[in-house]
Amino acid sequence: MTQSFTLAVCAEMVYEDLPFVERVRILDSEGFAVEMWDSTSKDVAKLESTGIPIVSMTGYLEGSVSDRENAHRVIETAAELVETAKRLGCTRLVVHSAELVAGLAARPTFRPLGQMWFTARDTMLRLGDLGALHGLTFCLENLNTVVDHPGIPLARAKDTLEIIREVNHPNARMMLDLYHAQIGEGNLLQLIRDSLPWIGEIQVADVPGRGHPGTGEINFSAIAAELTVLGYEGTIGLEGWVRGDVAAGLDQFRKAFAVE
Ligand SMILES: O=C(O)C(=O)CO
């Protein structure tokens with residue numbers, strides 16, 4: 001069996017001393033697909049002029065998918081983001097169960113969880129329809145509630161999987177983030193098996209520290225082997241900090257998923 005994943009790197013977390021567009025060019029020249037977080041802080045025209053697609057980006061919406069009061073604004077801002085995504089050749093927009101605010105910390109919420117769950121389901125369905133109209137997929141990402149996003153509701157892999165299963169829409173999928181899942185839930189191989197039909201993309205980083213594969217405790221070769229056996233042919237995105245010798249760190253990422 002040979003490797004059949006597309007490897008992507010989040011340009012926010014590498015070559016931090018370089019201008020963003022420069023990072024995108026370097027990653028592309030190194031053979032990686034490129035991902036990013038928000039588009040509002042970027043020079044979209046400059047990024048567009050590179051002709052390098054941004055394969056996934058975070059859809060920072062006004063409100064969140066579980067936010068009933070702002071449901072119309074969520075869809076409106078998603079529709080605006082779709083236009084930016086199309087300019088950047090981006091086909092996966094990542095959304096979250098609850099709002100992430102500055103510093104990506106969770107805003108405390110006092111809404112009833114059941115109501116949030118049904119709102120998240122309905123919103124993901126509407127986002128799926130919007131995605132289908134424009135040829136892109138909205139991916140609901142799992143987060144950990146221990147280190148990075150304490151208190152964020154409905155964000156565990158188990159929750160996002162349940163919502164996406166219930167939505168059952170080809171343009172609404174799960175962004176399975178194994179870094180977050182390892183911190184919050186563990187049992188990664190079984191999680192991958194359970195999630196497989198619902199995965200839009202898999203993101204990785206090692207634990208602890210959110211560094212590249214090889215800096216922590218996750219057995220990435222077991223994960224790569226399992227994904228190969230399962231026939232996963234999608235994208236593996238490194239959403240982790242690569243510091244110091246960045247090229248060497250990226251090489252470790254490449255090797256971790258080089259399945260023969
Ligand atoms: O906020 C985080 O931790 C994320 O993974 C965003 O994509």
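Student: How many cavities of 30 Å³ or more does a search of the whole structure find?

Tutor: Rolling a probe the size of a water molecule over the atoms shows where empty space is left. A cavity is a set of points, on a 1 Å grid over the protein atoms alone, where a 1.4 Å probe fits but cannot get out, and its lining residues have an atom within 4 Å of a point. Grid points are joined across faces, edges and corners, and the volume is the space filled by probe spheres set on the points. Here the search finds two cavities of 30 Å³ or more. Please note that this is a predicted model, in which local features need pLDDT of at least 70 and side-chain atom pairs count only at pLDDT 80 or more, while totals for chains, interfaces and linings use all residues. Residues are numbered from 1 along each chain as its sequence is written, and side-chain values use heavy atoms, with hydrogens and water left out.

Student: What is the volume of the second largest cavity, and which residues line it?

Tutor: The volume of the second largest cavity is about 60 Å³. Its lining consists of Cys-10, Glu-35, Met-36, Trp-37, Ser-56, Met-57, Thr-58, Val-94, Glu-141, Gln-203 and Glu-239. To describe such a lining by class, count Ala, Val, Leu, Ile, Met, Phe, Trp, Tyr, Cys and Pro as nonpolar, Asp, Glu, Lys and Arg as charged, and the others, Gly among them, as polar. In this lining there are five nonpolar, three polar and three charged residues.

Student: Which strands each supply at least two residues of that lining?

Tutor: Helices (H or I, at least four residues) and strands (E, at least two) are DSSP runs, numbered from the N terminus. Strand 2 (33-36) and strand 3 (54-58) each supply at least two lining residues. The largest share, three residues, comes from strand 3.

Student: Which residues of helix 1 are buried, and where do they fall around its axis?

Tutor: Buried means under 20% relative accessible area, exposed over 50%, and partly exposed in between, with a 1.4 Å probe and protein chains only. In helix 1, Phe-20, Val-21, Arg-23, Val-24 and Leu-27 are buried. Seen down the axis, these residues fall within an arc of 155°, so they line one face of helix 1. The arc is that of the directions from the helix axis to the C-beta atoms. Against this set pack strand 1, strand 2, helix 2 (44-50), strand 3 and helix 9.

Student: Which residues are buried in helix 9?

Tutor: In helix 9 (residues 246-256), the buried residues are Val-246, Gly-249, Leu-250, Phe-253 and Ala-256. They lie on the same side of helix 9, because they cover an arc of only 115° around the axis. Their cover includes strand 1 (6-10), helix 1 (20-29), strand 9 (199-204), helix 8 (220-230) and strand 10 (235-238).

Student: Where does His-212 lie, and with which residues is it in contact?

Tutor: His-212 is in the loop between strand 9 and helix 8, and is buried at a relative accessible area of 10%. Contact means heavy atoms within 4.5 Å. Leaving aside its neighbours within four places in sequence, His-212 is in contact with Asp-206, Leu-238, Trp-241, Val-242, Gly-249 and Gln-252. Gly-249 is also one of the buried residues of helix 9.

Student: What is the phi of Leu-154 and of Asn-187, and which peptide bond is cis?

Tutor: Most residues other than glycine have a negative phi, and most peptide bonds are trans. Leu-154 has a positive phi, near 55°, and Asn-187 has a positive phi of about 50°. Leu-154 is in the loop between strand 7 (137-141) and helix 5 (157-167), and is buried at 9% relative accessibility. Asn-187 is in the loop between helix 6 and helix 7 (188-195), and is exposed, with a relative accessible area of 58%. The peptide bond from Val-207 to Pro-208 is cis, with omega near 0°. Pro-208 lies in the loop between strand 9 and helix 8.

Methods
1 Å grid on protein atoms, 1.4 Å probe; cavity = no way out; pocket = protein on both sides within 12 Å on 5 of 7 lines; lining within 4 Å.
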